[in-house]
Amino acid sequence: MSCNTPPSADPGAAPRTGFSLDEVAAVYRAINERRDMRHFRPDPVDCETLRRLLEAAHRAPSVGYMQPWRFVRVADPALRERIHGHVAAEHERTAEACGERGAEVQRLKLEGIRDAGEILVVALTDGRERYVLGRRTLPEMDLCSAACAIQNLWLAARAEGLGMGWVSLFEPEWLARTLGMPEGAHPIAILCLGEVEAFYDEPMLETEGWDTRRPLDELVFEDRWGQAGSKPVSGPQADSGDGSRNESVS
C-alpha cells in the first residue's frame, strides 16, 4: 500500500472475518470518503435515521466502559442562531490568533450551523472523576472515548449519505452555560449533520491549500521515535480504493 493511497478491502478478508468482501470494502469506502462537511442543504434528518446514527455513536468503545458522551440536540431556531453568532465571533478571534495566516482563516467556511438539518452538541458528562480504570495516569481518555463516539456517528452518517462537520470554534464555558449543562460537564463538539449536494473530493482544507496529508511512512516508527521500520509500510502494490489493485501506484 502506498503511503497516500486510500485504504480498501483485502480480498482475503472474508474467510477470516465473517464479513463478505463487499461488506469489508464498504467499511473502507466509508472511511476513505468521510469528509468534514461545511456545505449543507436544509432538509431535515428523519427521526429513524437520527436514532440509528446516535445508536452507532453509543456503540463506541470507551475506557473503563465509562460512556462519557452526552448529546444535546439543538431544536430551537433561536438557540441555533445564538450558537451561530458565538461561533462566528470565535472565527474572527481565531483568525486574529493565526497571525500571518489570519486572512486565509477568515476566508475559510468553517461551519454550517445555519444550514444543516440537525445540530448536535457533544459533551463529556459530569462526574467523570469517579471513573479511574484506564484513566489513573491518562485522565484525558474520557475525551478520547467521546471522540470514538463522534467518529462512529461520522462514518455511519457517510454510509447513510449524510454529511457531518465537527465545529470546535466556541468557548466551552459559554456553550455549557447556554445549554444548561451541570457543573463538570464539558462540551467538545458542535456537529452539523444533514443532506449535502455532494461530498468533497478531498478534505476541504487540502483543497484550500491549508495543509496536505502526510505520507504514512513518515508517521510510523519502529521501537523508537523517529526510527524507520525494517519493513516499510508501503508495499509494491497499492489499492485503488475500490477493492482492486493498482500496480502503477508506488
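A search of the whole structure gives 2 aromatic pairs. A pair here means rings of Phe, Tyr or Trp, using the six-membered ring of Trp, with centres within 6.5 Å; planes under 30 degrees apart are called stacked, over 60 edge-to-face, and the rest tilted. Take Trp154 and Trp166: their ring centres are 6.3 Å apart and the planes meet at 55°, so this pair is tilted. Trp154 belongs to helix H6 (residues 141-159) and Trp166 to strand E3 (residues 163-167), so the pair ties together parts 12 residues apart in sequence. Helices (H or I, at least four residues) and strands (E, at least two) are DSSP runs, numbered from the N terminus.

Trp154 is buried at 8% relative accessibility, while Trp166 is partly exposed at 23%. The cut-offs are under 20% relative accessible area for buried and over 50% for exposed, with partly exposed in between, using a 1.4 Å probe and protein chains only. The other pair is Phe221 with Trp225, also tilted, at 5.1 Å centre to centre and 55° between the planes. Phe221 is partly exposed at 33% relative accessibility, and Trp225 is exposed at 81%.

Before going on, the conventions. This is a predicted model, in which local features need pLDDT of at least 70 and side-chain atom pairs count only at pLDDT 80 or more, while totals for chains, interfaces and linings use all residues. Residues are numbered from 1 along each chain as its sequence is written, and side-chain values use heavy atoms, with hydrogens and water left out.

E2 has pairing partners, where pairing requires at least two bridges found by DSSP between two strands. Strand E1 (residues 69-73) pairs with E2 in the antiparallel sense over 5 bridges, and Val72 stands opposite Val121 there. Strand E4 (residues 186-194) is joined to E2 by 7 bridges, and these two also run antiparallel. Within that pairing, Leu120 has Leu191 of E4 as its bridge partner.

Next, the surface. Val27, Tyr28 and Ile31 make up a nonpolar patch with about 240 Å² of accessible area together. Patches take residues with over 30% relative accessible area and no salt bridge, joining like charges within 9 Å and nonpolar side chains (Val, Leu, Ile, Met, Phe, Trp, Tyr) within 5 Å. A salt bridge is a side-chain nitrogen of Lys or Arg within 4 Å of a carboxyl oxygen of Asp or Glu. Areas come from the Shrake-Rupley method with a 1.4 Å probe, and for residues only the protein chains shown count as cover. Ile31 sits in helix H2 (residues 21-33) and is partly exposed at 37% relative accessibility.

Arg34 lies in the loop between H2 and helix H3 (47-58), and is partly exposed at 23%. Its C-alpha atom is 8.8 Å from that of Ala159, 125 residues away along the chain.

Last, the cysteines. With a disulfide defined as two cysteine sulfur atoms within 2.5 Å, the count is 0. Cys148 is partly exposed at 32% relative accessibility, and Cys98 is partly exposed at 31%.
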